[in-house]
Amino acid sequence: MLSFLISIVALVLGYFVYGAFVDRVFGPDPHRPTPAISKADGVDYIALPSWKVYMIQFLNIAGTGPIFGAIMGAKFGPASYLWIVLGCIFAGAVHDYMCGMLSVRHGGAGFPELVGDYLGQRTKKVMLVFSIILLLLVGTVFVYSPALILGDIAGDGSRGSIMLWVGIIFIYYVVATLLPIDKLIGRVYPLFAVALLFMAVALMVCLFVKWPSLPELWDGLGGWSEQAGLKGQPIFPCLFITIACGAISGFHATQSPLMARCIRSEKMGRPVFYGSMITEGLVALIWAAVSSWFFFDGGAAAVGSDLSAAAPTVVTKVSENWLGLLGGILAILGVVAAPITSGDTAFRSARLIIADFLHLEQRVIGKRLAVAIPLFAGSALLLWYNIADANGFNTIWRYFGWSNQTLAAFMLWTATVYLCRRRSSAHYLMTLLPALLMTSVCVTFILIDKTGFRLPQTWAPWIGLATFAIALALFVLWRRRVAPSQRIDSE
């Protein structure tokens, strides 16, 4: 428990200390009109109250990521604490802040537009396709997983019951994607965000009351995954892919521009973008601690489960056992409402990215439908594959995890180029180092994982080091030869 307490304090201090440093480096201007003011359209560009923007941003980026990812990542032992804390402060929150604030400075531009401005138009086209595929995967995963749970709760878990809930969730997605952001998302999301936070706080109180004997950082970082039933999954790179939303997630790069179009002042950048990620890290940390109790301190047997339990089962069993009836209700909100509310904003982001690329304004409902209908058709095909193939969902989830972190690496490289091009800025290391790390993680994972090239897992450290060194060398070469001609005056 001491490691857990230290980690909590570190995350909070990270917001006030490192978050303030990142904010100072970027230099928000409270007098500069934000896109919510200068481009107001009553649909996507709408100035919302600061507290509401924070709540929506938190729920947009959270979903089940800080819950499911932390549960699966806890099997790696106390290394999960380190990755959540250090990843969140120095990578994830910086990633979200830079993406959100760059979007504000570029008129609410989406992720592919930002990539195009700093990494080139060819990279922009690649990221456009990559982003749409990722968002379709997110939307599909976050239709199917809650439909499975609701099918078990309301019926017998049969194919017909699952398809019924898929249809209901899809109808909600269509409505939420097409309506102005303040009509449904702006009213419902804050309530779900409060429920998700309340569940996390309640579990943290239970941890303090029970004070379980959890693995500590000084007990060593290796060997825990074998005890929890993981085989053939080395900490590097698997932990960095498994825990994404609680540490760093490329999906957030598609979500931050949504709120960049709704904040009233650039001064809100740190609490909305950096702060939401720190909050998500706290949620992930709580679930990592709870799951450590489940896997390593007899928790599984105490709640009538076993070490092979899937993440949704861990959530339900622990919540019901620790929090009673209220816990069961909150568990449903956590594993059902949270992914649904991330899925609808995934489709909304995809609509806006495509509309920006086609220069298709979205005031008219017909033009919104013209973009949204093909998206939902593509997701329906993926869902059909999910349900028709017993391993379809697991395969899609693995590709989602890798593509998610690859997107994060590209956003970090985009921010690094931006910082290098500012004449007065010498702080590009704050994005360069996490960019190098995530590039190494993504290249290593796709080379050794069974969904990739299946190279020997013992090669993982060497592949990671080689990727890090090559990426760093290419950056230094670019900085010496190209960067000086691209520099701009500090904004």
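Reply: Among the elements of the protein chain, helix α21 (residues 483-486) has the lowest mean pLDDT, 66, while helix α6 (residues 79-105) has the highest, 97; pLDDT is the predictor's confidence in each residue, from 0 to 100, and helices are DSSP runs of H or I with at least four residues, numbered from the N terminus. This is a predicted model, in which local features need pLDDT of at least 70 and side-chain atom pairs count only at pLDDT 80 or more, whereas totals for chains, interfaces and linings use all residues. Residues are numbered from 1 along each chain as its sequence is written, and side-chain values use heavy atoms, with hydrogens and water left out. The protein chain as a whole averages a pLDDT of 86, and 91% of its residues score at least 70.

The second largest pocket holds about 390 Å³ of space, the volume being that filled by probe spheres set on grid points joined across faces, edges and corners. A pocket here is an open set of points on a 1 Å grid where a 1.4 Å probe fits, with protein on both sides within 12 Å along at least five of seven lines, and lining residues have an atom within 4 Å of a point. Of its 16 lining residues, F410, W413, T439, A471 and L474 are the closest to the centre. Two or more residues each come from α7 (111-119), α18 (392-421), α19 (429-448) and α20 (460-481), with α20 giving the largest share, 6 residues. By class the lining has 13 nonpolar, 3 polar and no charged residues, where Ala, Val, Leu, Ile, Met, Phe, Trp, Tyr, Cys and Pro count as nonpolar, Asp, Glu, Lys and Arg as charged, and the others, Gly among them, as polar.

Elsewhere, L203 belongs to helix α10 and counts as buried because its relative accessibility is 0%, the cut-offs being under 20% for buried, over 50% for exposed and in between for partly exposed (1.4 Å probe, protein chains only). Leaving aside neighbours within four places in sequence, L203 is in contact (heavy atoms within 4.5 Å) with I286, W287, V290, V318, W322 and L323. The C-alpha atoms of L203 and L326 are separated by 12 Å, although the two residues are 123 apart along the chain.

As for the backbone, W211 lies in the loop between α10 (185-210) and α11 (224-227) and, though not a glycine, has a positive phi near 45°; W211 is partly exposed, at 44% relative accessible area. Finally, F236 and P237 are joined by a cis peptide bond with omega of about 10°, and P237 is placed in helix α12 (residues 235-242).
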